[in-house]
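Reader: I would like to go through this structure with you, beginning at the ligand and then moving on to the spaces and charged pairs in the protein. Could we take it one question at a time?

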Amino acid sequence: MASWLARHGIQPTVVERASALRLGGNGVDVRGDAVTVVERMGLLPRVRELATDVRGMQFVDATGRAVARIHTQDPASPEIMRGDLVALLRAATDVDVLLGDSIRALEQDDDGVHVTFEHSPARRFDPVVGADGMHSNVRRIAFGPEERFITFKDHYFAFADTDAALGEDRWVTMFNTPGKMAGIYRSGNHAQAKAYFMFRSAPLDYDHRDVAEHKRLVSEAFAGEAGWRTRQLLDSALTDPGFYFDALGQVRMNSWSDGRVVLLGDAAWCASPASGAGAELALVGAYRLAGELAAANGDHRVVFPRYDAAHRPLVNDKQQIGPNVRLKVPKTDGGRCVRDVVARLPLMKAMSAVERRAQARNARPLPDFTRAA
Ligand SMILES: Cc1cc2nc3c(=O)[nH]c(=O)nc-3n(C[C@H](O)[C@H](O)[C@H](O)COP(=O)(O)OP(=O)(O)OC[C@H]3O[C@@H](n4cnc5c(N)ncnc54)[C@H](O)[C@@H]3O)c2cc1C
């Protein structure tokens, strides 16, 4: 968003609560119109160079024997480590960034928004864009508590750095017990590997910014799990300071704007990692919002409804997450056996091709805002 605004001649200020870029996370897909967006940013060749070469998902038994594999690699939709994408976008964005800060209050009037920060002096802005993730602070201030907007999808998940030797090159390897999955994401052309955990649970009461508490919750969920390499994965993941944990949740809002405040990315429509569409939706949404702002000279009354109408069909499609969670985390041993049989059939690839074609039909065409840039 900031990069596109700067290209359109609008000077944004970015506020990031962390003291440095957050480079954690697994591979994320640059898919559909997001490929066009990164191409228009001039970043597609680098995205392709950095792309992981993961072939797909494999499910193993307690001894490590692969019982089913699903090929997911699609050369038209590169998968890239989230950290590589973040670093690439940052390098392409020459704007002011206030690191280690957060918005404390927003007061709108006819001419702008008076913004008070936790640390920096207060300033005025024309619009304020909340692109601060599923637990958005801007959304809480402008729209209300997150419980009104987040739907919990019965699971928690965690990602963390781990020893690459624990996984097989070019596969996301997963091991299940009922309602639990321990896995490893291992690209063949990256030294790094990511441990990946998911478990089914009733809602838990915890502080979503307390990493020590997150580690304790995952340790408790996998206590007594000794099959395959679960113990080693857990032990190494627990030493990673960048351990990332969250509820599998979706954000649903009737409107993404209120006056001069607008939301973008997971703050507005988190579809959850189970959708595989977080990066795609954020890249396309940012391109549309920045482009509409430039095209309408920043008139938020025109821009925000246009952005909402144009982007919502894609968001609605991607929030239909289908059987993805049941595939990765079957509830029972019987469910796991059925999953293994289904995964061996050549059905999965055909199903996702049908799904992609249906989504392509619903998506609104991407305007060429680069002419204005
Ligand atoms: C560390 C990390 C790892 C992730 N790993 C994966 C993954 O492996 N797979 C996957 O599908 N999705 C992952 N996600 C989510 C994925 O990045 C998003 O779904 C998608 O890219 C949309 O991005 P976003 O910018 O809207 O939100 P996010 O990527 O969540 O970024 C939000 C940003 O806002 C910052 N922020 C939060 N609160 C404040 C505040 N009060 N003030 C200022 N800044 C604030 C955060 O530090 C973060 O940098 C991860 C997110 C993070 C933060």
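Reader: How far does a polar side-chain atom of arginine 22 lie from an oxygen atom of the ligand?

Author: The model is a predicted one, and the distances given here are computed from it. A polar contact requires a pair of N or O atoms within 3.5 Å. The pair formed by a polar side-chain atom of arginine 22 and an oxygen atom of the ligand has a distance of 3.0 Å.

Reader: How much of the accessible area that the ligand has on its own does the protein cover?

Author: On its own, the ligand has 920 Å² of accessible area. The share of this area that the protein covers is 85%.

Reader: Which strand and which helix each supply at least two residues of the shell around the ligand?

Author: The ligand is surrounded by 21 residues, and the closest of them are Glu16, Asn26, Arg82, Ser102 and Asp266. By residue type, this shell divides into six nonpolar, eight polar and seven charged residues. The elements that each supply at least two residues of the shell are strand S1 (13-16) and helix H9 (278-295).

Reader: Which element gives the largest share of the lining of the second largest pocket?

Author: The second largest pocket has a volume of about 300 Å³. Of the 14 residues that line this pocket, the closest to its centre are His135, Glu146, Leu204, Tyr206 and Ala247. Strand S11 (150-162) and strand S15 (244-251) each supply at least two residues of the lining, and the largest share, three residues, comes from S11.

Reader: How many residues in the lining of the second largest pocket are nonpolar?

Author: The lining of the second largest pocket includes two polar and four charged residues. The nonpolar residues of this lining number eight.

Reader: How many residues apart are glutamate 168 and arginine 69, whose side chains meet in a salt bridge?

Author: A search of the whole structure finds 19 salt bridges, and one of them joins the side chains of glutamate 168 and arginine 69, with an N to O distance of 3.2 Å. Glutamate 168 is in the loop between S11 and strand S12 (171-177), whereas arginine 69 is in strand S4 (residues 66-71). The pair thus links distant parts of the chain, with a separation of 99 residues.

Reader: Which helix supplies the largest share of the lining of the largest cavity?

Author: Two cavities of 30 Å³ or more are counted, and the largest holds about 40 Å³ of space. Its lining includes Phe157, Tyr196, Met198 and Lys328, and divides into seven nonpolar residues, one polar and one charged. Strand S14 (193-200) and helix H11 (324-328) each supply at least two residues of this lining, and the largest share, three residues, comes from H11.

Key. Residues numbered from 1 in each chain as written. Predicted model: local features only at pLDDT ≥ 70, side-chain atom pairs only at ≥ 80, totals over all residues. Heavy atoms only, no water. Near = heavy atom within 4 Å. Polar contact = N/O pair within 3.5 Å; in protein donor to acceptor, adjacent residues only side chain to side chain. Areas by Shrake-Rupley, 256 points an atom, 1.4 Å probe, with all protein chains shown as cover. Helix = DSSP H or I, 4+ residues; strand = E, 2+ residues; numbered from the N terminus. Nonpolar A, V, L, I, M, F, W, Y, C, P; charged D, E, K, R; others polar. 1 Å grid on protein atoms, 1.4 Å probe; cavity = no way out; pocket = protein on both sides within 12 Å on 5 of 7 lines; lining within 4 Å. Points joined across faces, edges and corners; volume = space filled by probe spheres on them. Salt bridge = Lys/Arg side-chain N within 4 Å of Asp/Glu carboxyl O.
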